[in-house]
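Work through these exercises with the structure open beside you. Try each task before reading its solution.

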Amino acid sequence: MKKNAVLLILILVLTIQLLNVYGVQRFPKPEFESGYVQPDTLQPDTRAELLAIMDIVVLTVALAVISWLVLKKRSRIGVFCTSVLSLVYFGFYREGCVCSIGAIQNITLAMFDENYVIPLTVIAFFVIPLIFTLFFGRTFCAGVCPFGAIQDLVSYKPQKLGTRLNAVLGLIPYLYLGLSILYAATGTDFIICRYDPFVGIFRFDASFGMFLFAGILLVSGIFIARPYCRFLCPYGVLLNFISRFSWRHMTITPAACIKCRLCEDSCPYDAIDMPVPGKNPEDRAITLRKLILICLLVPFFVLLGGYSTSRLHETLAGVNGKVHLAKSLLEPTTNNGQPETFEITAFKSSGKPVSQVFSEASAVIRQFYIGSWILGCFIGLVFGIILARQLIIAYQADYTPNKGTCFSCMRCVDYCPVTPEEVKS
Amino acid sequence: MTNQASSASTRKLLQNIAIASAIFAVILCVLIIVNFIQLKRADPLNSKVLTTLVERLHANQDDESLRQEIRELDLLARKAFFTNQWQVRMGGYLLFVSLLVIVICVKATDLMQKTLPDVPSADRRDFWHLRKINRLWVIYTGLFIVILSLLIVLLTHRELGKNLELAARGSSEKEPAAGTDLNTRTTPGTMPKGIAADSLKADSAGTQAPGNVLAGINPDGYPSLQEINGNFTSFRGPGGTGIAYQKNIPTSWDGKSGKNVRWKTEIPLPGYNSPIIWKDRVFLTGASETRREVYCIDLNSGKILWRKTVEKIPGSPAQEPKVISETGFSAPTMTTDGRRVYAIFANGDLIALDLEGNEIWTKNLGIPLNHYGHSSSLIMYRDLLIIQYDQRGSGSVMALAGKTGEVVWKTNRSVKISWASPVIIHTGKRTELILAADPMVASYNPADGKELWRINCIEGEVGPSVAYADGVVYAVNDFSKLSAIEIGDTPKLLWEDTDYLSDIPSPLATAKYLFVVTSYGALACYDAKTGTKYWEQELGTPTFASPVLAEGKVYLMDKKGVMHIFMADQKYTVVSESPLGEGSSCTPAFAEGKIIIRGNKHLFCIGK
């Protein structure tokens with residue numbers, strides 16, 4: 001009976017795989033005599049609908065399991081095993097796409113381009129981890145995200161970076177998020193996907209540059225835990241924000257903290273909030289003055305950020321295909337003496353009026369002008385808030401995980417001498 | 001105890017496996033990178049050997065053994081290419097497996113060797129101090145980002161948006177077909193901001209511009225041959241043949257003492273282009289790496305009537321091309337049809353202005369792919385502006401409507417880069433446009449651009465323009481030869497010579513004589529029909545300017561600024577040698593009773 005059941009499951013799994021046949025590109029890509037090389041696609045082959053639904057189910061189940069492992073079982077081993085399975089499924093089997101990180105761009109494009117039809121899977125991959133985070137903290141990062149999993153796997157001797165570097169490098173994800181939204185909103189590019197370091201590894205087809213990038217991240221990941229998650233991931237910005245309001249979050253100790261300090265250096269992500277000394281705090285008057293100053297400075301940062309980034313709008317727009325073509329048409333000799341580009345050749349054969357290209361490019365540049373003002377204001381606001389946060393101190397007596405930056409990896413739990421069994425007894 | 005020993009030996013084993021895997025992974029990484037570089041460099045279908053063999057096969061298509069050899073080579077190259085690809089991919093898989101082994105071993109070792117956590121020492125840095133440092137670092141980072149953004153803006157800002165809007169407006173007015181005439185901006189009746197605003201009336205105080213030179217002139221028309229010959233409309237005069245039809249030309253002057261120097265005006269920007277003259281106005285250009293200007297100077301007073309900065313032309317490249325100092329950024333001489341003046345610069349910027357300095361149209365032809373810098377001058381045929389644009393990989397000659405800048409015709413030429421200028425000749429039967437560039441001297445119908453004839457007789461980096469007289473075209477170039485070509489539908493070589501070859505100055509021909517000047521200052525006179533050398537002279541000074549014939553005398557300016565005037569005769573008879581007082585590399589222009597000479601800094605008017 002048991003043997004038959006296994007056989008049945010095996011047949012079922014293999015049959016499901018056949019569905020992929022319907023989804024793949026059935027015609028080979030054309031080859032061009034001109035030497036034109038097809039650009040690398042950012043997405044893997046089309047996936048059958050049933051398999052796409054299965055992906056959503058697997059994601060939900062994985063999130064449920066890991067949340068249970070984190071909050072109920074408090075198991076580091078369980079989290080580790082789930083992350084390996086997620087790496088295999090979402091990473092190597094699903095080839096890292098659709099991923100929640102890249103979904104930011106699809107969601108943005110769908111908001112700005114009415115002609116863009118966003119797939120259900122993408123919405124699900126974007127929303128479901130956010131919902132789980134709202135309830136249980138960043139359990140998605142703990143062991144469901146394949147990017148986090150692969151970095152967690154190589155993390156061998158993680159070193160603490162210190163608060164200064166953490167504060168400075170921690171600003172990069174905000175910039176990256178802002179830029180990716182700007183480029184997606186203007187229909188320019190999905191930069192998160194284009195510069196995705198791990199997807200090339202998952203697909204075994206990394207370009208040399210991306211291979212190098214991934215290599216640097218993974219090698220540095222041996223000593224700096226999860227560099228991508230901490231200092232690049234734009235989705236992490238959203239998770240960080242939402243997790244601060246999470247209904248339940250993992251704790252280092254299952255009961256009251258005994259302040260043994262054993263966990264103090266256990267977090268490789270510097271995500272443990274230490275007890276804040278209540279005695280001899282910074283002079284209240286000084287703090288107040290600084291706070292007022294920050295309140296005044298935040299609008300200044302917002303305007304300064306907006307202004308300086310808006311000046312960059314033409315440079316930022318240069319990546320846009322329409323702008324690039326128009327620029328090539330305006331400045332045909334920038335091709336380093338080479339014959340005209342493929343874009344110009346293609347344009348010439350299209351019969352499209354030049355004025356249309358110029359007008360469209362000009363409209364894109366205007367969009368970038370507005371977009372870069374918004375982006376700059378956002379970055380300025382982030383700076384302002386981070387500065388303000390450095391001033392507002394919530395006094396605490398225990399060692400607690402920082403709800404925003406903690407990945408719920410459960411490493412610290414192993415260091416706590418207080419066990420659930422002892423609590424029960 | 002036994003368990004502990006067994007655990008220790010397992011740990012040791014796992015560590016060794018991890019180390020071995022790590023070494024293997026490093027070696028693999030190096031091999032993959034090397035392979036990848038090889039793969040990037042390899043272009044199996046365009047290898048040199050293969051290309052040479054294919055070319056040889058084109059020449060001898062019946063060579064079966066060669067054909068077979070090509071096939072085998074091609075197969076070999078493809079095999080090598082795909083094997084490389086396979087190696088990179090297989091290397092990737094092996095690398096992945098080795099990394100996986102390392103990870104498993106390391107994690108397993110970790111699990112087997114649990115260590116107790118350390119309690120950090122109590123003397124952590126002051127909490128408030130850390131906060132303060134964090135704040136400072138965040139502020140510094142913010143400032144760094146702002147400065148970096150502004151720096152990038154400073155380095156990359158090019159008013160792209162405005163240029164595109166302008167271009168969109170301009171091209172929608174003309175709506176050219178995709179791929180043609182992309183950069184034209186016509187501004188009928190209006191003056192665009194960038195250029196019009198800069199239309200300065202230099203030195204206008206107390207200076208009245210001469211009467212409206214456009215009065216009574218039909219802007220749609222073109223000057224008669226008589227009118228053209230009465231002026232000095234292009235490089236080396238009407239038609240570019242080096243013959244001036246003006247009278248009472250002075251033969252003696254001294255720039256230092258001011259003898260016979262009517263005026264001397266400093267030209268703001270340098271240039272090797274020669275002046276042109278229409279009625280009482282002299283036109284020339286000047287340019288530096290960052291600025292391009294057109295000047296109009298009153299022939300009688302030497303006052304700059306207007307100067308126009310040429311900028312913000314759609315399609316104008318952000319970076320100037322690299323040029324050598326002997327060419328500069330404004331080597332091509334302007335031209336005029338009496339309605340408008342036309343100027344071209346080293347970056348391909350082309351502008352048409354009316355005689356009052358108002359912009360009519362602008363265009364960028366694309367940076368000329370030319371390692372010395374573009375120098376081919378402009379010339380008019382009726383109302384067509386003729387441009388010789390023989391650049392690397394794309395030789396062409398084109399005619400633009402003088403009024404609008406639209407391309408009327410364009411003929412592609414299979415030639416190498418040329419620095420020579422077009423010449424228009426009137427044979428009596430027809431008018432021909434003659435161009436010289438390696439490998440040929442070719443003639444075109446200037447009305448439609450159709451090739452009339454060609455003859456392969458010139459090689460190398462052609463600098464001198466052709467000379468013409470009495471049915472014979474003379475072409476010369478250094479390291480090549482001097483050829484006299486009797487023109488016609490089937491041109492033939494009358495004679496050739498290799499003694500005096502020029503690389504910059506153009507030859508000058510009359511019905512009887514041909515004068516050849518070399519850039520190192522040698523001068524020779526040939527019988528125009530037979531090639532017999534009548535005389536040869538050493539000027540002793542390098543000479544870049546081309547000789548011009550006026551009133552039976554040849555005017556030849558050397559680089560030191562001394563004008564050598566000699567009779568156009570079978571014997572070398574010096575008329576005079578008149579110093580300008582400063583060096584010159586430009587060909588002089590002639591007006592009634594006057595010579596206009598561009599020195600290295602000043603424009604001189606010589607006249608009695």
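**Exercise 1. Find how β14(B) and β15(B) pair, and place their strands in a sheet.**

Solution. The model is predicted.
Step 1: Look at strand β14 of chain B, residues 395-401; six bridges link β14(B) to β15(B). The two strands run in the antiparallel sense.
Step 2: Check one pair. B:L400 has B:V407 of β15(B) as its bridge partner.
Step 3: Widen the view. An open sheet of four strands in chain B has the order β12-β13-β14-β15. Its pairing is antiparallel.
Step 4: Find the edges. They are β12 (379-381) and β15 (407-413) of chain B, each of which pairs on one side only.

**Exercise 2. Describe the hairpin of β22(B) and β23(B).**

Solution. 
Step 1: Take the strands. β22 of chain B covers residues 482-486, and β23 of chain B covers residues 492-497. Five bridges pair them in the antiparallel sense.
Step 2: Pick a bridge. B:E486 is partnered by B:K492 in β23(B).
Step 3: Inspect the turn. The hairpin has five residues between the strands. There, B:G488 takes a positive phi near 155 degrees.

**Exercise 3. Give the strand order of the open sheet that holds β24 to β27 of chain B.**

Solution. 
Step 1: Four strands make up this open sheet, in the order β24-β25-β26-β27 of chain B. The pairing is antiparallel.
Step 2: The edge strands are β24 (508-509) and β27 (533-538) of chain B. Each pairs on one side only.
Step 3: β25 (residues 513-517) and β26 (residues 522-527) of chain B run antiparallel and are joined by five bridges.
Step 4: Check a pair. B:V516 stands opposite B:A524 in β26(B).

**Exercise 4. Classify the packing of α3(A) against α4(A).**

Solution. 
Step 1: Read the geometry. Helix α3 (residues 49-73) and helix α4 (residues 76-93) of chain A pack at about 165 degrees, with axes 10 Å apart.
Step 2: Apply the cut-off. Angles over 145 degrees count as roughly antiparallel. α3(A) and α4(A) are therefore roughly antiparallel to each other.
Step 3: Note the hand. The crossing of α3(A) and α4(A) is left-handed.
Step 4: List the contact. α3(A) supplies A:V58, A:A62, A:V65, A:I66, A:L69, A:V70 and A:K73. α4(A) supplies A:G78, A:V79, A:T82, A:S86 and A:Y89.

**Exercise 5. Decide where chain A calls for caution, using pLDDT.**

Solution. 
Step 1: Start with the whole chain. Chain A averages a pLDDT of 84, and 86% of the residues score at least 70.
Step 2: Draw the conclusion. Where pLDDT is low, predicted coordinates should not be read in detail.

Technical notes. Residues numbered from 1 in each chain as written. Chains lettered and ligands numbered in written order. Predicted model: local features only at pLDDT ≥ 70, side-chain atom pairs only at ≥ 80, totals over all residues. Axes fitted to C-alpha atoms, helices over the stretch in contact; angles between N-to-C directions. Parallel < 35°, antiparallel > 145°, perpendicular 65-115°, else oblique. Left-handed = near helix turned anticlockwise from the far one by under 90°. Contact = placed C-beta atoms within 7 Å. Pairing = 2+ DSSP bridges. pLDDT = per-residue confidence, 0-100.
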